[in-house]
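Dear colleague,

Please find below the structure that I am handing over to you. My notes on what was found in it follow directly after.

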Amino acid sequence: MGKGGQNDKQDEREVKSFTWDDIKVHDKRNDKWLVIGGEVYDITRWSRRHPGGSRVISHYAGQDATDAFRAFHNDLNFVKKYMKAIHIGTVKPEDQSEIELRSDFRELRKTAEKMNLFKTNVLFYTLHLAHILMFEVLAYLTMYYFGTGWLPFLVSVACYTIVQAQTGWLQHDFGHVSVFKNHYYLDHILHQFTMGFIKGASAKWWNHMHYQHHAKPNVMDKDPDVRVEKLFVVGDKMPVQMAKSNKSSMPFNWQHRYFFIVGPPLLFPVYFQFMLIRHVITRREWVDIGVLIAFFIKFFYLYVPLLGIGNTIFFYFFIRVLESHWFTWVSQSNHIPMEIDEDHAEEWLPLQLHATCDIEKSFFNDWFTGHLNFQIEHHLFPTMPRHNLHKIAPLVKSLCEKHNLSYQVKPLLQSFIDIVSSLKHSGELWYSTYNQYHVS
């Protein structure tokens with residue numbers, strides 16, 4: 001026991017203190033440190049084994065990840081057991097200044113916890129899953145009983161599109177481990193069931209992409225949702241960079257027009273379909289591959305006897321196109337019109353506020369967007385059950401007013417219009433910059 005005590009004291013003496021200047025330089029691919037709660041961790045090797053993926057944690061290399069860490073993890077005690085081995089020191093006391101905005105946000109989180117806003121209403125999610133399964137049954141029974149004429153066919157398409165879109169919102173909750181919390185294995189199982197077996201997509205691919213988006217929303221080179229420069233330029237920085245580099249032959253000044261052709265219609269049936277299949281194959285995600293196969297067996301087993309192989313394939317892609325419209329307009333309305341910039345290591349609250357906005361609350365808006373009309377609150381508290389997001393919204397708004405941060409709430413239709421307006425603005429900025437640098 002005495003020897004163990006000596007080792008503990010020796011470990012305490014060996015703890016080093018670092019300044020932020022020491023820490024910031026460790027942001028390289030093979031040299032990554034980050035800070036959580038004033039403690040410094042070397043994540044260079046650990047990032048490869050990080051359950052959320054190597055990229056999401058690496059995006060905070062050389063930065064303070066305290067609030068991001070808290071936002072993503074429910075069981076802190078469980079996670080911290082794995083952090084001891086990579087702990088290398090502390091931030092020097094004089095470099096641990098507690099700014100008011102940061103402390104106010106952390107107090108807001110404590111308030112949300114006291115209000116039980118992280119507590120799940122299981123009945124809400126049970127009913128939500130039930131209504132999805134009801135529409136899936138209706139999609140099949142409509143053509144089974146009424147034939148495959150155009151009217152029953154279109155009714156089935158509508159029902160199955162609802163299934164796909166609403167399952168997208170439901171799997172989003174399971175993917176964030178916001179339903180069963182510390183019983184995270186239930187979230188993972190239901191994430192595979194909803195994302196894989198009902199929706200026909202990959203849970204692991206979604207985690208890989210979406211966690212990065214939440215960690216650094218609208219941050220160029222870090223948020224995969226704004227890595228769109230092959231087809232579009234967004235925000236104010238990307239158009240200028242692309243124009244100066246002259247690396248693309250795309251007519252970006254027309255992007256607000258061709259968006260309607262290559263954006264909403266093709267995102268799911270082409271781009272997402274290709275990316276998720278490539279992800280599961282190249283990374284050998286055998287569970288996801290198995291669940292995907294099960295989805296397609298189910299789908300073709302049910303519909304080929306009714307429609308034949310050709311019409312079943314048409315039925316599938318017709319649904320994917322409609323679902324893609326639904327998803328694209330909803331998801332991009334909260335982000336594309338907002339600030340899109342390089343990484344400036346912002347505090348968690350302004351980082352999320354600059355990249356997100358809300359849409360007005362109504363029964364339809366809540367259902368249609370999967371409660372992502374409260375995108376600000378969801379980004380600040382990604383593990384908060386979505387049925388509670390509207391309850392924390394007034395407190396978030398008050399905090400934003402105190403710190404002079406823009407808190408935007410829009411009508412649903414206006415948020416859709418703003419997508420196109422934003423694309424038009426970015427395209428015009430690209431065009432004027434391109435002419436300035438490359439046209440004599």
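A charge is taken to sit over a ring if NZ of Lys or CZ of Arg is within 6 Å of the ring centre and within 35 degrees of the ring normal. The charged end of K216 sits over the ring of Y60 in this way, at 4.1 Å from the ring centre. A second case is K298, whose charged end sits over the ring of F197, 4.6 Å from its centre. Please bear in mind throughout that the model is predicted.

Aromatic pairs

The structure holds 50 aromatic pairs. One of them joins F299 and F300 edge-to-face, with 5.7 Å from centre to centre and 80° between the planes. F299 counts as buried because its relative accessibility is 1%, whereas F300, at 26%, counts as partly exposed. Another pair, W430 and Y434, is stacked, with 5.3 Å between the centres and 25° between the planes. Both residues belong to helix α19 (residues 412-438), and since they are four residues apart there, about one helical turn separates them. An α-helix has 3.6 residues a turn, so residues three or four places apart point the same way. W430 has 7% relative accessibility and therefore counts as buried; Y434, with a relative accessible area of 23%, is partly exposed.

Helix α19 also contains I417, which is partly exposed at a relative accessible area of 39%. I417 and T120 are 297 residues apart along the chain, and their C-alpha atoms are separated by 34 Å.

Helix α7

Helix α7 covers residues 122-146.

At the start of α7, a side-chain oxygen of N121 comes to within 3.1 Å of the backbone nitrogen of L123. After the helix comes G147, which has a positive phi, near 90°. The buried residues of α7 are Y125, H128, L129, H131, I132, F135, E136, A139, T142 and M143. Four helices receive the packing of these buried residues: α8 (150-175), α9 (184-198), α14 (286-333) and α16 (363-369).

The sheet

Five strands form an open sheet with mixed pairing, in the order β1-β5-β4-β3-β2. Which strands stand at the edges? They are β1 (16-18) and β2 (27-28); each has a single partner strand, so one side of each is left without a neighbour in the sheet. The partner of β1 is strand β5 (residues 87-91), to which β1 runs parallel and is joined by three bridges. Within β5, V91 is the bridge partner of F18.

A buried glutamine

Finally, Q375 lies in helix α17 (residues 375-380). Its relative accessibility of 6% is the reason why Q375 counts as buried, given that buried means under 20%. Leaving aside residues up to four places away in sequence, Q375 touches N334, H335, T356, C357 and D358.

With kind regards

How values were computed. Residues are numbered from 1 along each chain as its sequence is written. This is a predicted model: local features need pLDDT of at least 70, side-chain atom pairs count only at pLDDT 80 or more; totals for chains, interfaces and linings use all residues. Side-chain values use heavy atoms; hydrogens and water are left out. Two strands pair if DSSP finds at least two bridges between them. Helices (H or I, at least four residues) and strands (E, at least two) are DSSP runs, numbered from the N terminus. Buried means under 20% relative accessible area, exposed over 50%, partly exposed in between (1.4 Å probe, protein chains only). Contact means heavy atoms within 4.5 Å. Rings of Phe, Tyr and Trp (its six-membered ring) pair if their centres lie within 6.5 Å; planes under 30 degrees apart count as stacked, over 60 as edge-to-face and the rest as tilted. The expected span of a helix is 1.5 Å times one less than its number of residues. A polar contact is a pair of N or O atoms within 3.5 Å; within protein, one must be able to donate a hydrogen and the other to accept it, and residues adjacent in sequence count only if both atoms are side-chain atoms.
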